[in-house]
Amino acid sequence: MADRELEAGCPCATAPQAEPGSRRAMLAASLALAVAPLVPGGAAAADNPRRARPQVGDGLAYMTGEKEGQQITLADLKVGGPPVLAYPMDVSTQTVRDGARTNLLALVKVAPEELPEKLRADAADGVLAFSAICTHYGCPITETHPTGGKLVCNCHGSTFDVLKNGEVVAGPATRRLAHLPLKQAGSALLVAGNFAGPLGPPQQ
């Protein structure tokens, strides 16, 4: 259902403006692809591992940048750093599950001692994974709030508190971001369960 909710794409999908060659320009170009209209799932998703939902034991791969498609490790994420955009990846086949936009994740790391009890079981050494698809219009979430601890959609400014399980603290979004449970295996980050909550904006 979540894929169908996002088939129309984000009406606010204009890429952020930036000077050519800048890091922001590179990210903007990648995000323009991320907000492209979706192809309906159904049987095609079952036959295509790239479109499959995250599976328990999947690793996490960079969505963009010099390390695009490479597996993310715990050392790659810093407390208070910007969100890292990622897709789940079948580590046995190195298949990145980037065929469904609703698989896009925003990874953030907070100090483990700051995590509320209810989130600790779903975090890996302070790393949390949230859906990177805004629950307002489905734009990708790419920023953190200057005060820290919050994810911000740069289309309309919806803000989500990562320490309150993705709760909306500033609209226009009206429902929280779904989180994806993680676990640690050595230096690797692995998927530990299914998305907790619906993905993308409410069905119209």
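Buried means under 20% relative accessible area and exposed means over 50%, with partly exposed in between. The model is a predicted one.

**Stop 1: the disulfide**

Select Cys139 and Cys155. A disulfide joins these two cysteines, with an S to S distance of 2.4 Å. The structure holds one disulfide. Cysteine 155 has a relative accessibility of 26%, so cysteine 155 counts as partly exposed. Cysteine 139, at 2%, counts as buried.

Cysteine 139 is in the loop between S5 and strand S6 (143-144), and cysteine 155 is in the loop between strand S7 (150-152) and strand S8 (159-161), so the bond ties together parts 16 residues apart in sequence.

**Stop 2**

Select Cys134 and Cys153. Cysteine 134 is buried, at 1% relative accessible area. Cysteine 153 is also buried, at 3%.

**Stop 3: the nonpolar cores**

Select Leu104, Leu128, Phe130, Ile141 and Leu151. These have the most contacts inside the largest nonpolar core, which has 26 residues. Colour strands S2 (84-90), S4 (105-109) and S5 (127-131): each supplies at least two residues of this core. S2 gives the most, with three residues.

Keep leucine 151 selected and display its surroundings. Leaving aside residues up to four places away in sequence, leucine 151 touches Pro83, Ala106, Val108, Phe130, Ile141, Glu143, Thr144, Ser158, Thr159, Phe160, Val162 and Leu177. Apart from this core lies another, of 19 residues; Ala86, Ala124, Leu182 and Leu199 are among them.

**Stop 4: the salt bridges**

The count of salt bridges comes to six.

Select Arg50 and Asp98. Their side chains meet in a salt bridge, 2.8 Å from N to O. Where in the chain do arginine 50 and aspartate 98 sit? Arginine 50 is in the loop between helix H3 (43-47) and strand S1 (59-62), while aspartate 98 is in the loop between strand S3 (95-96) and S4. The pair links distant parts of the chain, 48 residues apart. Arginine 50 is partly exposed, at 37% relative accessibility, and aspartate 98 is partly exposed at 32%.

Move to Lys67 and Asp76. The side chains of lysine 67 and aspartate 76 form a salt bridge with an N to O distance of 3.8 Å. Lysine 67 counts as partly exposed, at 39% relative accessibility. Aspartate 76 counts as partly exposed too, at 25%.

Finish with Asp90 and Arg97. Are these two residues, aspartate 90 and arginine 97, buried or exposed? Both are buried. The closest N and O atoms of their salt bridge are 3.9 Å apart.

Definitions and conventions
Residues numbered from 1 in each chain as written. Predicted model: local features only at pLDDT ≥ 70, side-chain atom pairs only at ≥ 80, totals over all residues. Heavy atoms only, no water. Core = buried A, V, L, I, M, F, W, Y, C linked by side-chain atoms within 4.5 Å. Buried < 20%, exposed > 50% of the residue type's maximum accessible area, 1.4 Å probe, protein only. Helix = DSSP H or I, 4+ residues; strand = E, 2+ residues; numbered from the N terminus. Contact = heavy atoms within 4.5 Å. Salt bridge = Lys/Arg side-chain N within 4 Å of Asp/Glu carboxyl O. Disulfide = S-S within 2.5 Å.
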